[in-house]
Amino acid sequence: MAAAAGPATRGRPRASEGGVPARERLLHAARMEFSTKGLGAATGAIVRAAGVTQPVLYHHFGSKCDLFLAAVGHRSEERRVGKECRSR
């Protein structure tokens, strides 16, 4: 006789890997990619490194520019690139 499993959970599973929320994993992966490739970094590489999908990225950040600004902060160089990004 098999032991009864715990209560079933409803809804989508949590989007955390190792206890780290998807948003934080995206920010970390984006910082790594943007630090070496600038705005040329591919969102595909960022989501693979974070272990999420493109829709998850765009759920948390409306655009690649928004992700860039959230990931790198607002230092002088990043502000310049952020202005370029917004003007596109």
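By about how much are glutamate 33 and lysine 37 separated in helix 1? They sit four residues apart, so about one helical turn lies between them. Before more on this pair, a few words on the model.

This is a predicted model, in which local features need pLDDT of at least 70, side-chain atom pairs count only at pLDDT 80 or more, and totals for chains, interfaces and linings use all residues. Residues are numbered from 1 along each chain as its sequence is written, and side-chain values use heavy atoms, with hydrogens and water left out.

Along the sequence, the pattern runs β-β-α-α-α-α-α, giving two strands and five helices. Here helices (H or I, at least four residues) and strands (E, at least two) are DSSP runs numbered from the N terminus.

Now back to the pair. The side chains of glutamate 33 and lysine 37 form a salt bridge at 3.1 Å, N to O; the term asks for a side-chain nitrogen of Lys or Arg within 4 Å of a carboxyl oxygen of Asp or Glu. The structure holds one such bridge. Burial is judged by relative accessible area (buried under 20%, exposed over 50%, partly exposed in between; 1.4 Å probe, protein chains only).

| Residue | Relative accessibility | Class |
|---|---|---|
| Glutamate 33 | 15% | buried |
| Lysine 37 | 48% | partly exposed |

Of the 88 residues in the protein, 32% are buried.
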